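Here is a guided walk through one protein model. Keep the sequence beside the coordinates as you read.

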Amino acid sequence: MTAGFSREPTLFSAVVTPHRSLDPGGVRVVLLVIGGCGLLLGAVFLAAGAWPVTGFLGLDVALVYWALRVNGRRAAAREEIVVTASCLTVRRTAATGRVAEWTLNPVWARLDRETDPDFGLVRLALVSHGRRLVVGHWLSPAERAGFADALAAALWQARRGPTRAPAAVLGNRVDPCGGSA
């Protein structure tokens, strides 16, 4: 992210990406099956004398190929959320490569959860100073609920402030003047 994150510990860090059910190999298999069916049906229609149908079957295969390519390109989108004690950063990278970044104070930020009795957690937003930023919209409702719980715990920890181990732990005393105990 930025150089400021290296100075203080990270309380929460997540990368959310859109779900894609087909990997490139699966896309290839789907295209081969659709292309094979189109070729077989095209040969049947061509033998029956209905040759214009063959062109439409080829158009169907080309449209499915185009739709799967667009879907694959959109899988490059991502959302990164990092919470430290003094900074909450949301960086959203679009499939086109355009980056938008929001920085909030975790002490003032709160989570707004919109739930539906039938579907669960349908929308999760960070609210600060009257502005809303929807996060985790690619997640399923169950994943979004777990994500919200983890993010809420990190925000609570940031509000609580940094905690330090006590200077004098049992058997380990420290003299502030530099001498030994």
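Arg160 sits in helix H3. Helices (H or I, at least four residues) and strands (E, at least two) are DSSP runs, numbered from the N terminus. Arg160 is partly exposed, with a relative accessible area of 45%. Here buried means under 20% relative accessible area, exposed over 50%, and partly exposed in between (1.4 Å probe, protein chains only). Arg160 is 75 residues from Ala85 in sequence, yet the C-alpha to C-alpha separation is 8.8 Å.

The model is predicted: local features need pLDDT of at least 70, side-chain atom pairs count only at pLDDT 80 or more, and totals for chains, interfaces and linings use all residues. Residues are numbered from 1 along each chain as its sequence is written, and side-chain values use heavy atoms, with hydrogens and water left out.

Helix H3 spans residues 141-160. H3 lies across S1, strand S2 (78-84) and S3, and runs at about 150° to S1. Axes are lines fitted to C-alpha atoms, for helices over the stretch in contact, and angles run from 0 to 180 degrees between N-to-C directions.

Now the sheet itself. Strands of a sheet pair through backbone hydrogen bonds, either parallel or antiparallel. This sheet is open, with four strands in the order S1-S2-S3-S4 and antiparallel pairing. Two strands pair if DSSP finds at least two bridges between them. Strand S1 (10-16) and strand S4 (99-104) are the edges, each pairing on one side only. From one strand to the next, the twist averages 10°.

Look next at strand S3 (residues 88-93), which six bridges join to S4. The two run antiparallel. Arg92 stands opposite Ala100 in S4. Thr93 also belongs to strand S3. Is Thr93 buried or exposed? Thr93 is buried, at 14% relative accessible area. Leaving aside neighbours within four places in sequence, Thr93 is in contact (heavy atoms within 4.5 Å) with Ala77, Arg78, Arg98 and Val99.

The axes of helix H1 (residues 24-47) and helix H2 (residues 52-74) come within 8 Å and cross at roughly 170°. H1 is therefore roughly antiparallel to H2, a label for angles over 145 degrees; under 35 counts as roughly parallel, 65 to 115 as roughly perpendicular and the rest as oblique. Among the contact residues are Val27, Ile34, Gly38 and Phe45 of H1, and Val53, Leu57, Val61 and Tyr65 of H2. The contact divides into 13 nonpolar residues, four polar and no charged. Ala, Val, Leu, Ile, Met, Phe, Trp, Tyr, Cys and Pro count as nonpolar, Asp, Glu, Lys and Arg as charged, and the others, Gly among them, as polar.
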